[in-house]
Amino acid sequence: MISIISVNLYAWLNACCITLFGKSFDILSAPISTTLTSASATIAPAVDKLAEIPLALTPEFVTRFEPTSFMFWLEMFGIFACSVSGTILAKFKKFDVFGCILVAMIAAISGPTARDIILDRYPLFWMVNMNYLLIITITSVGFQMFCNPKARHVDGLLKLFDGLALAIFTLIGIQVAQEMGANIPVCILLGVLNILFGTVIRDMLCNEIPLVLQREIYVTAAIIGGIVYFIMEGMVITSWVTESTTMLTIFVIRMLAVRYDWHFPDIGLIKKHNL
């Protein structure tokens, strides 16, 4: 049953890619392609011709996901998940239509934007491809129309999409930083920043204490996922297996923390006495 669904899903994605982009969907291709801007073609540094990975961290390189790659569609789903979580929280706080859209946009693109600025990676992805802002707007408006913020399942839905966004954006942040030549600790740090920055600003706009400032198992899940990614990569395991395992690890840890109410213990050495 699963194999039949997988084959049909692949066939549908392949047909969409051929119609929209003129070439087939390649799930086994390299997740990120590196292209050179025309203005700096004469002064670009050396490039590994086989892997097409820049050998120096320079602004002359513009890194984007290929529209026919698996990572492109995964990134779009991550944008969708962040938009949903931002819209649900803003709707619960009784924001108006444009307020919900603004919160959704901030939740979805703030982290990747901060990542790109740190890596000196221009132009910014959402300025090059308007599909990002279009997906965010459509998602936000749709959930505002059909989502009841007072329903009992809304809190669980928010945490579910928050966990999905955490898993996807951590992986994307790690791979982008890796393609730009960053070392392993920096890659993991930027993977965390890729989702963390937008989440913090979203919660602050909605007058909530950011999750990262509480004792939630949130950043820890992303860090563990990043460690798993580089361990599996060092073992030369197939890329899609490594990527899937990384996202699954982050998502499962986060959902288990939510389900069983896991928190970090208080490390204070002085006992608190009730007054």
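Helices here are DSSP runs of H or I with at least four residues, strands are runs of E with at least two, and both are numbered from the N terminus. Residues are numbered from 1 along each chain as its sequence is written. The model is predicted, so local features need pLDDT of at least 70 and side-chain atom pairs count only at pLDDT 80 or more, while totals for chains, interfaces and linings use all residues; side-chain values use heavy atoms, with hydrogens and water left out.

**Stop 1: the whole chain**

Colour the chain by secondary structure. Read from the N terminus, the order of elements is α-β-β-β-β-α-α-α-α-α-α-α-α.

Now think about burial. A residue is buried under 20% relative accessible area, exposed over 50%, and partly exposed in between, using a 1.4 Å probe and protein chains only. Of the 275 residues, 43% are buried.

Next, contacts. Contact means heavy atoms within 4.5 Å. Take the contacts with a separation of 6 or more: 73% of them join residues 24 or more positions apart.

**Stop 2: the nonpolar core**

A nonpolar core is a set of buried Ala, Val, Leu, Ile, Met, Phe, Trp, Tyr and Cys residues joined through side-chain atoms within 4.5 Å. The largest one here has 57 residues. Which residues have the most contacts inside it? Select L166 and I195.

Then show the elements that give two or more residues to this core: α2 (70–92), α3, α5 (131–146), α6, α7 (184–205), α8 and α9. Helix α6 supplies the largest share, 13 residues.

Zoom in on L166. Setting aside residues up to four places away in sequence, L166 touches I195, Y218, A221, A222, I250 and R254.

**Stop 3**

Two packed helices are described by the angle between their axes and the distance between the axes. Axes are lines fitted to C-alpha atoms, for helices over the stretch in contact, and angles run from 0 to 180 degrees between N-to-C directions.

Select α3 (residues 97–118) and α6 (residues 154–179). Their axes come within 11 Å and cross at roughly 15°. That makes α3 roughly parallel to α6. Angles under 35 degrees count as roughly parallel, over 145 as roughly antiparallel, 65 to 115 as roughly perpendicular, and the rest as oblique.

The crossing of α3 past α6 is right-handed. A crossing is right-handed if the near helix is turned clockwise from the far one by less than a right angle, and left-handed if anticlockwise.

Show the side chains that make the contact. From α3 they are A108, P112, R115 and D116; from α6 they are F169, I172, G173 and V176. These residues divide into five nonpolar, one polar and two charged. In this count Ala, Val, Leu, Ile, Met, Phe, Trp, Tyr, Cys and Pro are nonpolar, Asp, Glu, Lys and Arg are charged, and the others, Gly among them, are polar.

**Stop 4: G111**

Stay on helix α3 and pick G111. Is G111 buried or exposed? Its relative accessibility is 1%, so G111 counts as buried. Leaving aside neighbours within four places in sequence, G111 is in contact with L193, N194, F197 and G198.

**Stop 5: α2 against α7**

Move to α2 and α7. They pack at an angle of about 15°, with their axes 11 Å apart. The two helices are therefore roughly parallel to each other. Here too the crossing is right-handed.

On the α2 side, select C82, S85, G86 and L89; on the α7 side, select I195, R202 and D203. The contact residues divide into three nonpolar, two polar and two charged.

Also in helix α2 is A90. At 0% relative accessibility, A90 is buried. Not counting residues up to four places away in sequence, A90 touches F95, C100, V103 and C206. A90 and R202 are 112 residues apart in sequence and 8.6 Å apart in space, C-alpha to C-alpha.

**Stop 6: backbone details**

Go to the loop between α3 and α4 (125–128), where P123 sits. The peptide bond from Y122 to P123 is cis, with omega near -5°.

Next, find V236 in the loop between α8 (219–234) and α9 (239–259). V236 has a positive phi of about 55°, although it is not a glycine. V236 is exposed, with a relative accessible area of 73%.

Finish at D261, in the segment after α9. D261 also has a positive phi of about 55° and is not a glycine. Its relative accessible area is 52%, so D261 is exposed.
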